[in-house]
Structure formats: C-alpha cells, structure tokens
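Hello,

Here is the structure we talked about handing over. Please open it first, then read the notes below.

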Amino acid sequence: MKLLIISDTHGSHINVDKVLEKEEGMDLLIHLGDVEKGEDAIRYSVNCPAHFVRGNNDFFSDLPREKELFLEGWHLFLCHGHAYYVSVGEEQLKREARGRGADIALYGHTHRPVIHREENLLILNPGSLTHPRQEGRRPSYMILVLEEGKEPEAWIKYL
C-alpha cells in the first residue's frame, strides 16, 4: 500500500497539484493538518481515499483532531502535533503514540520533514508543501509504503 503524506498546505493547493501530477499509484492520501478549508479541493483532486486531521490553523473545522488507522497490519497515529508540543520536542507525541499501541506516529506543524525510528516506533513528518522551514526551504512531502509482514519504508520527497 502506497501512501502520500502531506501537511501544512495552509489553503494553497498549487504544490499539492504538482505532487499529484508527479506521484502515481497512490492508495491513500493523508493530510496532517493546517489544510485551511482546502480538504474538499484535495479530495476532489485525488483518485484515492483521503484522511485529514485538524491543525492549529484549521479554525471552525469539523475535521478530527487526531485519527488512528490500521493498514496492512500497522497501527498509525495521525495528528497535527501542536497539542503535543512538537515544536519543542517529540516526547509527548511519542508517549501518546506508544500509549495507543501505535507502530507509526505521523505529525506536521513544524514544517520540517522528519523520519526516524526509535524503540519500535517510526516517527514521520512530511514537512510543508507551502511554507517549508528546513534548511534549503524546499517544499516537501512523504511517501510511505506499507506491506504486511515487512518493515515500513518512508521517503522524504521535495518539489
């Protein structure tokens, strides 16, 4: 199963459209918040199911604050991250993900891409397609491949 993971688009869909043109064969899209009322446009643009969580800038949104998915034998915990203070560290996020029995924790908010594994928890942040903050400031997203019985594979990709 091939997942496209994006975050922090902040109402701009120009780069979302570029990613959708570039990446093919997606089975699922995950948006980790700060979509800012663009979820309908994104859902309309993709040819696969899409899951969204609410970010700190998704005012008056009825999107869920967090979500859990069970895919290909893996337990994913999705959140924007601001409620777990990810800007100052991942400790609270990791504690919550482990408390839920998650294998993979996905978050946004920092606008910086992250892939790392520790103590049986894979931690992923796709960065931002609109306002990147990492060195070089290139818009980023992530591809995650899940297959039952195999370790998940994740790649940070840039526009």
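Helix α3 (residues 91-99) has Leu93, Lys94 and Ala97 as its buried residues. Buried here means under 20% relative accessible area, exposed means over 50%, and partly exposed lies in between, with a 1.4 Å probe and protein chains only. Helices (H or I, at least four residues) and strands (E, at least two) are DSSP runs, numbered from the N terminus.

A word on the source. This is a predicted model, in which local features need pLDDT of at least 70, side-chain atom pairs count only at pLDDT 80 or more, and totals for chains, interfaces and linings use all residues. Residues are numbered from 1 along each chain as its sequence is written, and side-chain values use heavy atoms, with hydrogens and water left out.

Back to α3. Seen down the axis of α3, its buried residues fall within an arc of 95°, so they line one face of the helix. The arc is that of the directions from the helix axis to the C-beta atoms. An α-helix has 3.6 residues a turn, so residues three or four places apart point the same way. On the other side of α3, Arg95 and Gly99 are exposed. The cover over the buried residues of α3 includes β5 (74-79), β6 (104-106), β7 and β8. After α3 comes Gly101, with a positive phi near 80°.

**Helix α1**

Which residues are buried in helix α1 (residues 14-22)? They are Asn15, Val16 and Val19. Down the axis of α1, these buried residues fall within an arc of 105°, so they too line one face of the helix. Ile14 and Glu21 are exposed on the other side of α1. The buried residues of α1 pack against β1 (2-6), α2 (39-45) and β9. Contact means heavy atoms within 4.5 Å.

**Glu23, a buried glutamate**

Glu23 sits in the loop between α1 and β2 (28-31). Buried or exposed? Glu23 is buried, because its relative accessible area is 9%. The side chains of Glu23 and Tyr141 are joined by a polar contact of 2.6 Å. Another polar contact, of 3.0 Å, joins the side chains of Glu23 and Lys157. A polar contact is a pair of N or O atoms within 3.5 Å; within protein, one must be able to donate a hydrogen and the other to accept it, and residues adjacent in sequence count only if both atoms are side-chain atoms. Not counting residues up to four places away in sequence, Glu23 touches Lys2, Tyr141, Ile143 and Lys157.

**Glu148, an exposed glutamate**

Where is Glu148? Glu148 lies in the loop between β9 (140-145) and β10 (153-158). Glu148 counts as exposed because its relative accessible area is 59%. Leaving out residues up to four places away in sequence, Glu148 touches Glu72 and Gly73. Thr130 is 18 residues from Glu148 along the chain, and their C-alpha atoms are separated by 33 Å.

Strands β7 (residues 113-118) and β8 (residues 121-126) run antiparallel and are joined by 6 bridges. Two strands pair if DSSP finds at least two bridges between them. Glu118 has Leu121 in β8 as its bridge partner. The hairpin has 2 residues between the strands, and Glu119 there takes a positive phi near 45°.

**Other positive phi values**

Most residues other than glycine have a negative phi, and most peptide bonds are trans. Phe60 has a positive phi near 60°. Phe60 is in the loop between β3 (50-52) and β4 (66-71). Phe60 counts as exposed, at 85% relative accessibility. His109 has a positive phi of about 75°. His109 is in the loop between β6 and β7. His109 counts as buried, at 17% relative accessibility.

**Aromatics and cysteines**

How many aromatic pairs does the structure hold? There is 1 aromatic pair. Phe77 and Tyr84 form it, edge-to-face, at 6.0 Å centre to centre and 75° between the planes. Rings of Phe, Tyr and Trp (its six-membered ring) pair if their centres lie within 6.5 Å; planes under 30 degrees apart count as stacked, over 60 as edge-to-face and the rest as tilted. Phe77 is buried at 0% relative accessible area, and Tyr84 is buried at 9%.

The structure holds 0 disulfides, a disulfide being a pair of cysteine sulfur atoms within 2.5 Å. Cys48 is buried at 16% relative accessible area. Cys79 is buried at 1%.

Best wishes
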